Amino acid sequence: MTPYFLIDADKIERNLTILHGIMERTGCSILLAQKCFSCYALYPLIGKYLSGATASGLFEARLCSEEMPGKENHVFSPAFRDDDIDELIQLCDHIVFNSPRQLHLYGRRAKSAGLQVGLRINPECSTQEGHAIYDPCAPGSRLGTTIEGLSVMPEEDFGLLDGLHFHTLCEQNSDDLETTLNAVEERFGKYLSRMKWINFGGGHHITRTDYDIPRLERLITHMQHRYGLHVYLEPGEAVVLNAGTLHTTVLEIQPVGTDGIRNVIVDTSAACHMPDVIEMPYLPPLVEAEGEHAYRLGGPTCLSGDVIGVYHIGRELHEGDELVFGDMAIYSMVKTNTFNGMPLPDIYISRCGQVEKWKSFGYDDFKKRV
Ligand SMILES: *Cc1c(COP(=O)(O)O)cnc(C)c1O
């Protein structure tokens, strides 16, 4: 019953094959950023191809250790909590701090427990326009340590560091990575040869058809040779790009509205089931031939702005018709909510043409959360 997500394991495997090829040719390590996709039924498959996963905190780190056992488990947070740190140190093998203060507080404990310790830097090099909420290099950013912050760090804390980490990209190509790496080398170059590894973060849209993989590989090789560094990448989107759909049913088609476009109410909500549509914002692709029939699709919640978008499709819609949104594995299931008492979409997984239901949600899930 709609709404439901359908995750395509074969498409994920195709993405994983591309990522694994980069690991093989360059010797770098690639991790899944779990905040983008935490559908752990696929973790065994992902663990077969990638080096492990990275977490935003305790829960994701625990999920990785339970569902991708034996693989690398990295964690970064803008500020760790005192009551989480001991468990994180037990679960993880790499911990990345956001500030010299956090490194000072917890670095020694992590290090003596055998973890690799890193610091997130802010190369102060914006390569994206228009999406300030996705730009960790935007003025006033709280994410990462600038070169000023690093250069006044006490030598004994600096000595705890095994690696540096930056994350500045969002759905970008390797030309922007090159620009960023130039800034990293220019500002942080003298510290790089004292490190064992560098983490390029996420935001690399590697599995998109126009992504320039040879340039990415040249950049990885450059950092390996020039500074003797091991290179990590931790993409989320690239692992599960175009590998899922969200299925919905037309509930009602309203008469032509005041702006000449017919409003259609569907049983999935932008606000509850694809909040990035409103946050980012973007128009999610419909798996549907384009044409002359214009419809504004909106959710069944009270929010006037719960609009998925205006579409021009090749057929006339009727109540009860199913519509399918594409590219719904990324930042979808991890972001759903039950505002207005909306049900959470069930999750199905398809593998070699066989579809199986993985999870279903109901009233109890709503009740537990409110
Ligand atoms: C969001 C994030 C990622 C993953 O980004 P994608 O755009 O999904 O590839 C990786 N590392 C960090 C630190 C992040 O915040």
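**Helices, charges and a surface patch**

Guide: Start with α1 and α9: their crossing is right-handed. Bear in mind that this is a predicted model.

Visitor: What's the angle between α1 and α9, and how far apart are the axes?

Guide: The angle is about 35°, and the axes are 10 Å apart. Helix α1 covers residues 9-26, and helix α9 covers residues 213-227.

Visitor: Which residues make the contact?

Guide: From α1, the contact uses Ile18, Ile22, Arg25 and Thr26. From α9, Ile213, Leu216, Glu217, Ile220, Thr221 and Gln224 take part.

Visitor: Switching to charges. How many salt bridges are there in the whole structure?

Guide: A search finds 17. One of them joins the side chains of Asp162 and Lys196, at 2.5 Å from N to O.

Visitor: Where do Asp162 and Lys196 lie?

Guide: Both lie in loops. Asp162 is between α7 (155-158) and β7 (163-165), and Lys196 is between α8 (174-192) and β8 (197-199). The pair therefore ties together parts that are 34 residues apart in sequence.

Visitor: Is Asp162 buried or exposed?

Guide: Buried, because its relative accessibility is 3%. Lys196 is partly exposed, with a relative accessible area of 47%.

Visitor: OK, another pair. What does Lys335 meet in a salt bridge?

Guide: The side chain of Glu279, at 3.0 Å from N to O. Lys335 is in the loop between β14 (322-325) and β15 (346-351), while Glu279 is in helix α12, so this bridge ties together parts 56 residues apart in sequence.

Visitor: And how accessible is Lys335? What about Glu279?

Guide: Lys335 is at 26% relative accessibility, so it counts as partly exposed. Glu279 is at 42% and also counts as partly exposed.

Visitor: What about Arg315 and Asp321?

Guide: Their side chains meet in a salt bridge too, at 3.6 Å from N to O. Arg315 counts as partly exposed at 29% relative accessibility. Asp321 is buried, with a relative accessible area of 17%.

Visitor: Last topic, the surface. Which residues form a nonpolar patch?

Guide: Ile278, Leu303 and Phe339 form one, with about 250 Å² of accessible area together.

Visitor: Where is Ile278 found?

Guide: In helix α12, which spans residues 276-279. Ile278 counts as partly exposed, because its relative accessibility is 39%.

Note on methods
Residues are numbered from 1 along each chain as its sequence is written. This is a predicted model: local features need pLDDT of at least 70, side-chain atom pairs count only at pLDDT 80 or more; totals for chains, interfaces and linings use all residues. Side-chain values use heavy atoms; hydrogens and water are left out. Patches are made of residues with over 30% relative accessible area and no salt bridge: like charges are joined within 9 Å, nonpolar side chains (Val, Leu, Ile, Met, Phe, Trp, Tyr) within 5 Å. Accessible areas come from the Shrake-Rupley method with a 1.4 Å probe; for residues, only the protein chains shown count as cover. A salt bridge is a side-chain nitrogen of Lys or Arg within 4 Å of a carboxyl oxygen of Asp or Glu. Helices (H or I, at least four residues) and strands (E, at least two) are DSSP runs, numbered from the N terminus. Buried means under 20% relative accessible area, exposed over 50%, partly exposed in between (1.4 Å probe, protein chains only). Axes are lines fitted to C-alpha atoms, for helices over the stretch in contact, and angles run from 0 to 180 degrees between N-to-C directions. A crossing is left-handed if the near helix is turned anticlockwise from the far one by less than a right angle, and right-handed if clockwise. Contact means heavy atoms within 4.5 Å.
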